[in-house]
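Student: Please take one part of this model and go through it closely. Then place it beside the other parts that can be described in the same terms.

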There are 4 protein chains.
Amino acid sequence: MLVVMQAHATEEQVRAVCQKIESLGYRAHPMPGATRTAIGITGNQGEIEQGALDEMAGVQEVIRVSKPYKLVSRDVKEENTVIRFAGTAATIGGKNLAIIAGPCAIESREQAFAVAGHVHRAGAQFFRGGAYKPRTSPYTFQGMGEEGLRIMAEVRDQFGMKIITEAIDHESLDLVEHYADVIQIGARNMQNFSLLKRAGRAKKPVLLKRGMSATLEEFFMAAEYIMSEGNYNVVLCERGVRTFADHTRNTLDLSLVPAVQRLSHLPIVVDPSHGTGKRNKVTPMSRASGMQSLYPEQFDDLMMQVRQIAAVVGREIVPIGSAPKRSAAEIVPAVAR
Amino acid sequence: MLVVMQAHATEEQVRAVCQKIESLGYRAHPMPGATRTAIGITGNQGEIEQGALDEMAGVQEVIRVSKPYKLVSRDVKEENTVIRFAGTAATIGGKNLAIIAGPCAIESREQAFAVAGHVHRAGAQFFRGGAYKPRTSPYTFQGMGEEGLRIMAEVRDQFGMKIITEAIDHESLDLVEHYADVIQIGARNMQNFSLLKRAGRAKKPVLLKRGMSATLEEFFMAAEYIMSEGNYNVVLCERGVRTFADHTRNTLDLSLVPAVQRLSHLPIVVDPSHGTGKRNKVTPMSRASGMQSLYPEQFDDLMMQVRQIAAVVGREIVPIGSAPKRSAAEIVPAVAR
Amino acid sequence: MLVVMQAHATEEQVRAVCQKIESLGYRAHPMPGATRTAIGITGNQGEIEQGALDEMAGVQEVIRVSKPYKLVSRDVKEENTVIRFAGTAATIGGKNLAIIAGPCAIESREQAFAVAGHVHRAGAQFFRGGAYKPRTSPYTFQGMGEEGLRIMAEVRDQFGMKIITEAIDHESLDLVEHYADVIQIGARNMQNFSLLKRAGRAKKPVLLKRGMSATLEEFFMAAEYIMSEGNYNVVLCERGVRTFADHTRNTLDLSLVPAVQRLSHLPIVVDPSHGTGKRNKVTPMSRASGMQSLYPEQFDDLMMQVRQIAAVVGREIVPIGSAPKRSAAEIVPAVAR
Amino acid sequence: MLVVMQAHATEEQVRAVCQKIESLGYRAHPMPGATRTAIGITGNQGEIEQGALDEMAGVQEVIRVSKPYKLVSRDVKEENTVIRFAGTAATIGGKNLAIIAGPCAIESREQAFAVAGHVHRAGAQFFRGGAYKPRTSPYTFQGMGEEGLRIMAEVRDQFGMKIITEAIDHESLDLVEHYADVIQIGARNMQNFSLLKRAGRAKKPVLLKRGMSATLEEFFMAAEYIMSEGNYNVVLCERGVRTFADHTRNTLDLSLVPAVQRLSHLPIVVDPSHGTGKRNKVTPMSRASGMQSLYPEQFDDLMMQVRQIAAVVGREIVPIGSAPKRSAAEIVPAVAR
């Protein structure tokens, strides 16, 4: 259910409606928009009875939302959600393109700095690397853990790039929330509802990757879990889905991007690194969507092309932080649409 | 890597090999078989160097396993794993058919006892109900929690059926391990590796459901996560996969059963309740595989047919506990192959 | 659109309604049922205007069918369609189980007779072999063509079994219609609409295999193409669909069977030979659904089990023709549900 | 099998090797390249025995090709195949971008000319419209047939654009070959091997659309069927595959493009018109891949963006014919990569 406030409703009126909602045993989610505030209502006990809110001061209308997702929907918030980061012009979901790049896993301080230097110089504003790796096999290297997080924090200090890294359970989420700027929830945990709720109580934005066989609605519902706990800074991420096709590991589903943009105010980024699996497919797929694991000079070429194509569609890439000079090992990038 | 001991190797020799393995920084997993013991070796640091173990007393050969899964494999353990339960003839994976039935979610003591009475009388040895429900929507009833577990424990006391119920995070797993007889890991958490590791340290058997788009190898690797922590009592469960087909919610993949049986010693059960989604498909699909959400009299008819078909293929259904008389609401059953 | 005649409507009245329909530029498809006749109306020019038929003698009601398929639907014909064959008790879609078996391709007269003798002795009433093989590669043996058809006609003469074989284009369909008893349309041609129309003008029943990624509705529409040309003897055949799963070539979708039975009067058979791809999965999958490529003694064992399971669900296997004794090479069977 | 001729081999030597191959009962497919000629060998009877060809004059080496496709492969022909059209600079597979656009079905002369005028003015060099429409339902408009082909021929006369249209069986293929410039084989007929062989004997290029669940190898094998009959002018076309995802009708698999380009010399075009199904997804998906059903002004905007993006990746769009001024109804475009 959704309460749409009048354009001139006062903050006091908004607060009063929220209190009324909470007093009835529900949760209120005020979402201020450019012209008016909408208040999402969530809770397990079914719908609030007709008439309880309609008559309150400042209320324009009460809408019964038929879609299973509410806070995710453009019905609740018409304007695009733009994730901002203190002390920088870089955003996710804004007019400027967000470039996210880094190594698959943080393996050492040296490797992290080499890659970070390279991608920063090429224009990335976000550095992503794995400290906790959800591996198919229990016998594969599972990441450096907190030590990896500390290295990424140093990368931020040196280059100014914001840090994105994955949390795989409550314990690692506590640490990721402490060290990083964006908490990533991986595809395998997209319906780990307990983890989503914990992410919803975090104070940092969440980058939520689409599950390997998640429908659009399930993807939205996973974001709804995070938002229903009060964290509205969610970035959706398409990373390829599982199909019969065997020429790539996953089939990147680019048509999700306009579908998300039509129905939701949340930003959507594309991560082509799992959708291709082979370097020779990276540059073309990245031009279409984002980027992938590349050699440093391939990454530079790609960034040059992306810059020019961004201009064609009226967008640009703004720099972040300072720019030292180093050479990188292997780079896994993504790009916000 | 796998150490195959000689047929006449002593327990002492087995223990010595295990100690050697652990001293090298690996984990040893002794799996006693009918004629000989095999010792699986797991660990992140790569393979043990050739020659370290070959010469030890009682060792027949050291095999380098190329498959990514080890403990799951028939290479490590030729005989079927049979999960036994103290004080009862009921097994999972044995010659007798294991019948698992119960409501989707525990909603009240009354509902649980009504269903339990019915399915028990019809021949079910395992009672399954949800206390923690992983719901697509945060606004749907999420289960009764510990209160639901307590009700199921009472069901066990009254009917003698063993209790199976799902854990969705570390916290609920602690409680499920305490109250239930089998810990279920749901499809959405099949690659929640942190939860799998916790289940691997539990003292109760684990029923692991196949993820919605998990390949056979990924399914095995998820079981390997549990076993690599020392819990070898894992039951695999096919519950349908996601396909383009839209006439059912999921497509039940029965061909997984013989594939699992060829490659692994672990028992496999089939849960048709998600694979069909509609009552009118339940009886035929259940005859082929197991059962689904049914009205009580449908369940009785089905059990009669299953009993007769089991006899055709040389199996039977053994009773468990005492048999009071009650009438059930709605029943979600599964059956072990 | 569908005209339901009154229970006591005369043949004359039915004929008059059909003539009226045809005079309006549509096609009439009278389908006599146990208690009344329904007349399906098909044609490209949209719906007949309200009132044109309602008032005619013998008409009970005129129904606007919202589903895209009409002749396939139980709305048009409530009773199951049973395909009968002159001079034999064997049917497809009747109470008795139809057993279809034979080699993948007819390779020689000797091979055909060896397999035919074996499967006939074990109880098969239908012999299926390929004379025209739709091969993925142009460089693979494409079948014996008309010579293969002649061999199968001899098999019929000798054993009494009815012949099923695939047509791949108009030319081969002419020949298959001449020599065989049932015309098979393969999965790859399920939406070869030109071929479907030709099959709809044939005088023999058509066994239509589900396309590798066909939805239930598309499958029905393909049958509708055949029926709309006047051939109402269509047998649907589930043979597995394409999914991400890689442990079998195709995923057999047994849940299609009850779905078809609910919505359509057409018989549905299951062909597990593509759904598994490996002999060791054949016996279990065949017990659940039908059969596959088996060694002769495996086929015999299976038939014995199928006979007993059929009895449990109230069905039986009736013999056909005489029974010589021979030994078979390799057998690809299917079974009607 | 593949015979690689020496760089300086004479035409006479090539001819002699071909004759030798044919005399052994196989087919020879000479494929002249920039520096040398390769001769593909196809036929049903297995491999030619070692030594039969190695010693002939001008032969450099005889390669046993392990891949199931031969003529499609870059092993046989290293250089990209470029489809050229007499009297125009427009190509498919060349450096310049090929723009293919037109209505879904030809409905009238007026509609065809309106759309043609618009897309021609915007830069399309190929006009595509359906005269034979493979419809899921037998009751849907199936196309204007030969009359539609005649209208498209007039479009070519007036605008100079080359005509692409679908053939659905042998009969329509005869007519399409007569009237059009490129013969389209639709997704539903990708494994209609009889039709593929007929297309392989046609004198016009063939645009082959990927089947709804075709793997890359199956797609290549379908092209191989055409080429094995002697028609080497095949254009592959990605149009989306069937997956569980329900937010679009099909999932456009753009990663196929670099995969095809790596393994095959054949040109690949992308047709996003089925991959999205909704106008609001067209412009973004088209920028990534090609285009879709659009309003005229949307098409113009898109062409402007495509022109600029083409320039970024070093390609351009060359005009074709003269340019009258008209306004279009609805446009379904595709673009060659």
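**The sheet of chain C and other packing contacts**

Tutor: In this predicted model, chain C has an open sheet of four strands in the order β2-β3-β1-β4, with antiparallel pairing. The edges are taken by β2 (27-32) and β4 (59-63) of chain C, each with a single partner strand, so one side of each has no neighbour in the sheet. Direction ignored, neighbouring strands of this sheet are turned by 20° against each other on average. Pairing here requires at least two DSSP bridges between two strands. Strands are DSSP runs of E with at least two residues, helices are runs of H or I with at least four, and both are numbered from the N terminus.

Inside the sheet, strand β1 (residues 2-5) of chain C pairs with β4(C) in the antiparallel sense, over four bridges. C:Leu2 has C:Ile63 in β4(C) as its bridge partner. Helix α1 (residues 11-23) of chain C packs on the sheet and touches β1, β2, β3 (37-42) and β4 of chain C. The direction of α1(C) makes about 155° with that of β2(C). Contact is taken as heavy atoms within 4.5 Å. Axes are lines fitted to C-alpha atoms, for helices over the stretch in contact, and angles between N-to-C directions run from 0 to 180 degrees.

Chain A can be described in the same terms. Its four strands form an open sheet in the order β2-β3-β1-β4, and the pairing is antiparallel. The edge strands of chain A are β2 (27-32) and β4 (59-63), each of which pairs on one side only. From one strand to the next the twist averages 20°. Strand β1 (residues 2-5) of chain A and β4(A) run antiparallel and are joined by four bridges. Within β4(A), A:Glu61 is the residue that stands opposite A:Val4. Helix α1 (residues 11-23) of chain A lies across β1, β2, β3 (37-42) and β4 of that chain, and runs at about 155° to β2(A).

Helix α5 (residues 193-200) and helix α6 (residues 216-228) of chain C have axes that come within 6 Å and cross at roughly 45°. The two helices α5(C) and α6(C) are therefore oblique to each other. The classes are roughly parallel under 35 degrees, roughly antiparallel over 145, roughly perpendicular from 65 to 115, and oblique for the rest. On the α5(C) side the contact is made by C:Phe193, C:Leu196, C:Lys197, C:Ala199 and C:Gly200, and on the α6(C) side by C:Ala222, C:Tyr225 and C:Ile226. By class, these comprise six nonpolar, one polar and one charged residues. Ala, Val, Leu, Ile, Met, Phe, Trp, Tyr, Cys and Pro count as nonpolar, Asp, Glu, Lys and Arg as charged, and the others, including Gly, as polar.

In chain D, the axes of helix α5 (residues 193-200) and helix α6 (residues 216-228) come within 6 Å and cross at roughly 45°. That makes α5(D) oblique to α6(D). From α5(D), the residues D:Phe193, D:Leu196, D:Lys197, D:Ala199 and D:Gly200 meet D:Ala222, D:Tyr225 and D:Ile226 of α6(D). The residues of this contact divide into six nonpolar, one polar and one charged.

A helix contact between chains involves A and D. Helix α10 (residues 296-312) of chain A packs with helix α10 (residues 296-312) of chain D at an angle of about 165°, their axes 9 Å apart. That makes α10(A) roughly antiparallel to α10(D). A:Gln305, A:Gln308, A:Ile309 and A:Val312 of α10(A) make the contact with D:Gln305, D:Gln308, D:Ile309 and D:Val312 of α10(D). By class, the contact of α10(A) with α10(D) has four nonpolar, four polar and no charged residues.

On conventions, residues are numbered from 1 along each chain as its sequence is written, while chains are lettered from A and ligands numbered from 1 in the order in which they are written. Local features need pLDDT of at least 70 and side-chain atom pairs count only at pLDDT 80 or more, whereas totals for chains, interfaces and linings use all residues, and side-chain values use heavy atoms, leaving out hydrogens and water.
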